[in-house]
Structure formats: C-alpha cells, structure tokens
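Dear colleague,

Please find below the structure that I am handing over to you. My notes on it follow directly after.

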Amino acid sequence: MRATYKTFFVFYVLISNVFVNALEPISTTFVFGLGVAAVGRKLYNYVYDERCNSKWIAFNSTGLEVALDQKLFGQHVASRVIQKAVTGFMNNKNPKKPLVLSLHGWSGTGKNLVSQLIAENVYKEGMASSFVHQLDFTRHFPHRGQLENYKVKQSQLQQWVKGNVTNCPRSMFIFDEMEKMIPGLIDCIKPYLDYYEYLDGVSYRQAIFIFLSNAGIENFAQVALEFWKAGRDREEIQLHDLEPDLSLSLFNNKKSGLWHSSLIEKNLVDFFVPFLPLEYRHVLLCGMAEMSAKGLEPNQDVVDKMARDLLYFPKSEKIFSVKGCKTIGSKLDYFT
Ligand SMILES: Nc1ncnc2c1ncn2[C@@H]1O[C@H](COP(=O)(O)OP(=O)(O)OP(=O)(O)O)[C@@H](O)[C@H]1O
Ligand SMILES: [Mg+2]
C-alpha cells in the first residue's frame, strides 16, 4: 500500500484540526468530512485501480477456448494455433522470449476479434486494460516525411515498448495494419522480441506481441477454393496447406511491414496465423450473433437478406465475402 504514510499524515493533520478548531463545529465537520473523503478515495483507488498483478492479470485457458469456439466463425486453423500458442506461453513460468504472433487474413475475417478474445482472457479489463496497447500505423506513424523522421519514429517506438514493459512485464502490444508500416521500421524492436534475459535491466519475456496484416494472403483463398471445388470439407484444411511460404512471401513483399525484416530472418515470430476468407454461411452466423449482441431477436430472414446483399469473390463462383463480416453491423441496421 504505497499511499499509506501519506494518507495517514493527511488524515492526522485533518484530525488535529478537529481539536484545534473545537469551538468551530461547522468548519471542523467540514474539514473532517474532507479527510474522510480523501481516505475513502485512496481506498477506492487501491481496490479498483488496475494494477500489474494477478488480481488483474490471470489467464483463463478454458475461457479462451470457449470464446474461440463460440465467437470466431470459420477459422478452425487460426483458432487451433492461437489456443495452443497462447496457452503454451501463458502456462510457461519461464519463457525464453516474449510471444510473437503474426495474424494474416482478408478484411473482416476476425484478426482484431481474436486479439480482443486473447486480451479478454488474459486481462480482467480486456481491451480496456491499461496494459494492452494498440498501435495503428496510419494514425501514429504516417508515411509523410518518413525519411527525416525515421530515426525519431524508431526511438518513439522503442520507448513506447520499453516504457510499457517496464511498467508491466505482462504487457500486450497489438500492431494493427502492419502492411501500412514504413518498411524496416519494425526491426527497431527486434532486441525486445529476442532471447535476452534482460535489456538495460528490463525483461521482455512475459510480453505478448501481435501483428495484424492483410499481407501474404493470396494463397489462402486459392487453397480454400481448391478444397471447395474438390468437394472437400473446409475443416480439412491444415496449417501446412496455408503457411509454408508465408514468412518467405512476407519477407519478399515490400508492403508487408516485414520486408527484409530481421524478425523473420532470426525466426523471432513464433506463429504466422492464417485467417481464411469467410463464406456465405459464416456471414449468416456473424449476422445472427450481431443481432443478439444488439439485443434483437436473431432473425434468419433478415440475416439472409443482409448476407445476400454483400459482395463475394471469385467473380465466377462467388464463394467468399469480400469484406468478411466487417460491415454487417451497419447492414443489419438497414434491413431491420
Ligand atoms: N471469423 C469471424 N467470426 C465472427 N465474427 C467475425 C469474424 N470475422 C469478423 N467478425 C466480425 O466482423 C467485425 C470485423 O472483424 P475484425 O475487426 O476482426 O476484422 P479484421 O480481420 O481485423 O479486418 P481488417 O483487416 O479489415 O482490419 C467484427 O465485428 C467481428 O466481430
Ligand atoms: Mg483489423
């Protein structure tokens, strides 16, 4: 209880006032009231302010499994990898490096949703936790004037990670829209993702880094389409069907955020997680879930109308939703 001495000192001074001003009952009552309020507020903050401890940060493995199973549709590969990767890491008392995940998929296929489900099952406050940090490159690191600002941005990014991990080792960083990142910039955080025990007295081994991107996904739709054409179950698609060249294609793609990146070269990304493009039936599931979330009675007809109104690719077969489940919230408003 950091504030104890200070609190008691303030309280002592205020209590003394009661005696000193014994003949002024109105002001003493007022001052005494203020003292009680101040102590009350400290106590309230102590109980309710989020802290970097097991009361606020506790991994719920079953919770994550159930959430992935019930809230994430059509992503059996990603779901399995995430569950194993996060559970393995969180149950390891002495990890040798932080967990680094790179999530890849079309727009609206569940990358941010998965980050949210992880956060909700690690931090009591979920995405609202002060230990979960999301970086949007378009907003925080726009390409404008990149050359003269490159060093400044590197240093800002390093300070951002270092400061937050110093504050709480079990911090989570979400790097959204990696494909919009200035090529090479991400390499400045390489030391923090590496196998060091301490760097300048700080250990990064408890932290979780999640990269989200639309890069390297061309092959996923092709594979899913081939399974569909062959009449094979989508759930038969395995990680190795999708991932074998993913890291290489990201490494060679200037717009992936990981172009010629030492994070790939030095194998510091633990898992590349592919998200499949979503089909009509998954959009229906998203629609039903969205109606429930909006407090409406799920209605198959309404959801069906909404799903038929979306665009699908490839042009000839029209199997996969172009925007995944992304715009269905607003679309549903239109159809209800
Ligand atoms: N596979 C899914 N299962 C259930 N809901 C989904 C799925 N994919 C997307 N959604 C829903 O669609 C919305 C957008 O999803 P999300 O933000 O996770 O997409 P994304 O993959 O991050 O897309 P982008 O690349 O455009 O950022 C969210 O409301 C999410 O709940
Ligand atoms: Mg997203």
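In which segment is T336 found? T336 lies in the segment after α15 (328-335), where helices (H or I, at least four residues) and strands (E, at least two) are DSSP runs numbered from the N terminus.

Two points on conventions come first. This is a predicted model, in which local features need pLDDT of at least 70 and side-chain atom pairs count only at pLDDT 80 or more, while totals for chains, interfaces and linings use all residues. Residues are numbered from 1 along each chain as its sequence is written, and chains are lettered from A and ligands numbered from 1 in the order in which they are written.

To return to T336, this residue counts as partly exposed because it has 14 C-beta neighbours inside 10 Å. A residue is buried if 20 or more other C-beta atoms lie within 10 Å of its own, exposed if 12 or fewer, and partly exposed in between, with C-beta atoms placed from the backbone. Not counting residues up to four places away in sequence, T336 touches L296 and V302; contact requires C-beta atoms, placed from the backbone, within 7 Å.

Regarding the protein overall, there are 15 helices and 7 strands. Buried residues form 32% of its 336 residues.

Leaving aside neighbours within four places in sequence, F173 is in contact with H133, L135, V161, A207, F209 and I210.

Ligand 1 has 19 residues around it, of which S107, G110, K111, N112 and C325 come nearest; a residue is near if its C-beta atom, placed from the backbone, lies within 6 Å. The shell comprises 7 nonpolar, 10 polar and 2 charged residues. Here Ala, Val, Leu, Ile, Met, Phe, Trp, Tyr, Cys and Pro count as nonpolar, Asp, Glu, Lys and Arg as charged, and the others, Gly among them, as polar.

Helix α5 (residues 111-122) gives the most to this shell, with 3 residues. Of the 12 residues in α5, 9 are buried, including K111, V114 and E120.

With kind regards

Methods. Contact = placed C-beta atoms within 7 Å.
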